[in-house]
Amino acid sequence: MPVSNSSELSPSFLLASIPGLEAAQAWLAIPLCSAYVLALLGNCAVLLVVRLEPSLHAPMYLLLCMLATIDLALATATVPRILCFYWFGSREISFGACLLQMFLIHALSAAESAVLLAMAVDRYVAICHPLRHAAILTSGATAKVGLLAMARGVLFFLPLPLLLLPLPFCGPRVLSHSFCLHQDVMNLACANTTPSVVYGLTAILLVMGLDAVLICLSYLLILRAVLRLAAWQERLKVFSTCIAHICVVLAFYVPLIGLSVVHRFGKNLAPLVHVIMGNVYILVPAVLNPIIYGVRTKQIQRRILSLIHVTDR
């Protein structure tokens with residue numbers, strides 16, 4: 001369909017409101033803001049504690065710092081814009097800002113998936129090849145993993161906004177979420193989106209899908225090694241070192257899969273489901289990750305309590 005006016009040459013989009021609760025959005029934004037503040041405080045606390053505690057200067061906790069940094073960036077790329085909409089009624093988002101936000105969400109999610117895979121490999125080497133752990137997973141190797149994670153996210157997901165850039169958008173341009181996602185924006189185009197559909201699905205499968213398969217494979221190998229141990233107490237002690245990472249993996253992949261299912265098969269679902277699933281996908285990992293590692297890691301607990309004690313003085 002030909003583009004007929006300037007607004008279609010540079011389209012803007014409308015963020016999804018909370019259906020039936022538009023008048024109460026300002027109040028409903030309070031728990032959203034509280035979750036965002038909790039995510040900021042929790043992840044910043046993890047970064048501070050790992051920096052101050054020499055015993056935590058190990059690959060697993062350096063990867064945890066990368067995870068915290070990604071969660072901070074992902075939440076900050078979305079939640080402040082949502083709060084501007086809920087509190088100040090700024091519902092419209094420009095085409096360029098929408099594409100940038102979409103790219104950041106997908107690239108950062110891909111980087112988080114890669115870091116989770118690296119953490120799974122760390123657990124596998126630590127349990128199955130403990131004598132080689134220090135030699136394989138050095139600080140330099142961990143830093144390279146972080147750089148490769150970000151590079152892979154950028155390379156795989158930079159084409160997504162570029163494929164949408166030349167497409168015409170006509171008619172109502174109301175998104176399904178309070179932020180921009182590739183499939184959501186793509187569905188509003190009034191042109192052939194087959195290249196964008198194929199590339200988007202391929203990128204998701206090659207990045208998050210492959211990472212999920214490799215994480216499962218790592219844990220199958222870990223489980224096989226654990227079951228070879230003679231005593232149940234020893235099995236539980238070894239496997240308990242993986243509990244925090246398993247919880248973090250579930251906190252990331254369950255909302256991701258849920259959001260994908262809603263997009264693919266939930267066209268007849270209530271709009272409220274799309275809004276809630278989108279917010280869960282953005283905030284749940286960022287809020288839960290520092291809590292999970294704070295509860296499961298005694299060094300982090302002790303350091304946070306000592307910092308609180310010093311502050312109270």
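A nonpolar core, as I use the term, is a set of buried Ala, Val, Leu, Ile, Met, Phe, Trp, Tyr and Cys residues joined through side-chain atoms within 4.5 Å. Buried means under 20% relative accessible area, exposed means over 50%, and partly exposed lies in between, with a 1.4 Å probe and protein chains only.

This is a predicted model, where local features need pLDDT of at least 70 and side-chain atom pairs count only at pLDDT 80 or more, while totals for chains, interfaces and linings use all residues. Residues are numbered from 1 along each chain as its sequence is written, and side-chain values use heavy atoms, with hydrogens and water left out.

Now the core. The largest one has 82 residues, and Phe13 and Leu116 have the most contacts inside it. Which helix gives the most to this core? Helix 5 does, with 16 residues. Helices are DSSP runs of H or I, at least four residues, and strands are runs of E, at least two, numbered from the N terminus.

Stay with helix 5. It covers residues 95–128. Of its 34 residues, 26 are buried, so the helix is mostly covered. The expected span is 1.5 Å times one less than the number of residues.

UniProt, in an unreviewed entry, places a "transmembrane region" at several spans, including 94–121 and 197–222. Its positions are given in the numbering used here, feature names are shortened, and annotations may be inferred rather than shown by experiment. In the model, residues 94–121 are 96% helix and 4% strand, with end C-alpha atoms 41 Å apart. Residues 197–222 are 100% helix and 0% strand, and their ends lie 36 Å apart.

Next, the surroundings of Leu116. Contact means heavy atoms within 4.5 Å. Leaving out residues up to four places away in sequence, Leu116 touches Leu67, Ile215, His245, Val248, Val249, Phe252 and Tyr253. Take Val249, in helix 12, residues 243–265. Val249 is buried at 12% relative accessible area. Beyond four places in sequence, Val249 contacts Leu116 and Ile215. Its C-alpha atom is 9.3 Å from that of Asn289, 40 residues apart along the chain.

On to rings. Rings of Phe, Tyr and Trp (its six-membered ring) pair if their centres lie within 6.5 Å; planes under 30 degrees apart are stacked, over 60 edge-to-face, the rest tilted. The whole structure holds five aromatic pairs. Phe252 and Tyr253 make an edge-to-face one, at 4.9 Å centre to centre and 85° between the planes. Phe252 is buried at 2%, and Tyr253 is buried at 9%. Phe13, Phe95 and Phe169 form one aromatic cluster.

Last, three loop residues. A polar contact is a pair of N or O atoms within 3.5 Å; within protein, one must be able to donate a hydrogen and the other to accept it, and residues adjacent in sequence count only if both atoms are side-chain atoms.

Thr78 is in the loop between helix 3 (59–76) and helix 4 (79–88). Buried or exposed? Thr78 is buried, at 0% relative accessibility. Its side chain reaches the backbone oxygen of Leu74 at 3.1 Å. Further along the chain, Thr78 touches Gln101, Ile105, Phe179 and Ile282, not counting residues up to four places away.

Arg173 sits between helix 8 (159–164) and helix 9 (182–186). Arg173 is buried at 15%. A polar atom of its side chain lies 2.9 Å from the backbone oxygen of Phe169.

Thr297, between helix 13 (271–296) and helix 14 (298–312), is buried at 5%.
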